[in-house]
Amino acid sequence: MPKLFLGVVHLQPLPSSARGQSFETVLDAARRDADALRQGGVDGLIVENFGDAPFHKGTADDPVPPDVPAALAVVGRAVGDATGLPVGINCLRNDAKAALGAAACAAARWVRVNVLTGTYVADQGLLDGDAAGVLAYRKRLGIGVDILADLLVKHAVPLAAPDVATAARDLAERSGASGLIVSGDRTGAPPSVGLLDTVRTAVDSFPIWLGSGLSLDNAADLWPRCDGAIVGSALKRDGVVTAPVDPERVARLRGALAP
């Protein structure tokens with residue numbers, strides 16, 4: 001199966017967020033970024049409410065506001081239809097069910113779930129995984145969307161310090177995920193080669209995705225060690241995550257990725 005190079009459509013602040021903008025402003029910017037990603041040669045798109053920071057947890061006691069999954073669904077459908085590319089949804093900070101609901105309406109192929117199992121300490125507080133509830137809701141929706149689950153998700157630390165290999169095996173074997181995402185510590189930071197090799201040895205042929213940090217500088221080392229990559233910062237103008245997507249940067253990274 002060919003490796004997939006997915007570009008991130010970082011949504012500007014949604015109406016209910018602390019720095020909220022009109023939805024039309026958000027949608028127009030998303031369309032421009034999605035088209036730039038298409039021009040540069042990505043294989044698919046991940047739409048996420050990146051501009052909403054500081055984030056709600058996405059739990060029963062701190063849910064994302066209703067406009068968030070609505071916006072993800074509308075934008076996901078719009079950019080998928082406009083570009084002809086498959087789409088994924090990430091509902092930050094950790095609302096997997098909202099992401100699945102948006103994915104069902106957007107005909108998305110993937111959802112990214114930051115914490116599918118275990119408990120992590122993040123700037124939002126404690127984030128608990130709910131793999132059983134997430135899988136049950138996917139079944140109720142009747143959709144076949146793939147769940148890509150973060151291992152040792154960025155901007156957070158596990159409540160217990162697990163052995164990485166054991167954590168990777170448990171996530172691959174016990175969570176219902178379709179693939180594991182391995183990232184660096186922060187947005188735009190790459191994982192180490194050593195971490196990727198440890199995870200690969202632990203899970204064998206189970207799909208591993210890069211979740212942050214892939215760039216021209218490290219593509220030769222990191223791309224051969226993964227089954228796909230989700231890329232945001234490196235594709236923006238001057239590598240600034242809040243800037244618009246630069247199609248020339250997308251094309252250069254695309255060209256550096258061996259088939």
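**Exercise 1. Work out whether lysine 154 is buried or exposed.**

Solution. Start with the relative accessible area of lysine 154, which is 15%. Next, bring in the cut-offs: buried means under 20% relative accessible area, exposed over 50%, and partly exposed in between, using a 1.4 Å probe and protein chains only. So lysine 154 is buried. Before going on, keep in mind that this is a predicted model, where local features need pLDDT of at least 70, side-chain atom pairs count only at pLDDT 80 or more, and totals for chains, interfaces and linings use all residues. Residues are numbered from 1 along each chain as its sequence is written, and side-chain values use heavy atoms, with hydrogens and water left out.

Now place the residue. Lysine 154 sits in the loop between strand E7 (146–151) and strand E8 (156–158); helices (H or I, at least four residues) and strands (E, at least two) are DSSP runs, numbered from the N terminus. Finally, check its neighbours, taking contact as heavy atoms within 4.5 Å. Leaving aside residues up to four places away in sequence, lysine 154 touches, among others, Arg93, Arg112, Asp185 and Arg186.

**Exercise 2. Find which strands close into the barrel, and in what order.**

Solution. First, the pairing rule: two strands pair if DSSP finds at least two bridges between them. Follow the pairs around and you get 8 strands in the order E1-E2-E3-E4-E7-E9-E10-E11, with parallel pairing. On average, neighbouring strands of this sheet are turned by 25 degrees against each other, direction ignored. Angles here run from 0 to 180 degrees between N-to-C directions, with axes being lines fitted to C-alpha atoms, for helices over the stretch in contact.

Then zoom in on one pair: E10 and strand E11 (residues 228–231) run parallel over 2 bridges. Tryptophan 209 has glycine 228 in E11 as its bridge partner. For a helix, look at H2, which lies across E2 and strand E3 (87–90) and runs at about 160 degrees to E2.

**Exercise 3. Say how the rings of tryptophan 110 and tryptophan 209 are arranged.**

Solution. Rings of Phe, Tyr and Trp (its six-membered ring) pair if their centres lie within 6.5 Å; planes under 30 degrees apart are stacked, over 60 edge-to-face, and the rest tilted. That rule gives 1 aromatic pair. The centres of tryptophan 110 and tryptophan 209 are 6.3 Å apart and the planes are at 70 degrees, so the pair is edge-to-face. The two residues are 99 apart in the chain, with tryptophan 110 in strand E4 (residues 110–113) and tryptophan 209 in strand E10 (residues 208–210). As for burial, tryptophan 110 counts as buried at 2%, and tryptophan 209 counts as buried at 7%.

**Exercise 4. Describe the surroundings of asparagine 49.**

Solution. Asparagine 49 is in the loop between strand E2 (44–48) and helix H2 (67–83), and counts as buried at 1% relative accessibility. Its side chain reaches the backbone nitrogen of leucine 92 at 2.8 Å. Contacts of asparagine 49 include Leu14, Phe55, Cys91 and Leu92. Leucine 14 is buried too, at 0%, and lies in the loop between strand E1 (4–10) and helix H1 (23–40).

Terms used:
Polar contact = N/O pair within 3.5 Å; in protein donor to acceptor, adjacent residues only side chain to side chain.
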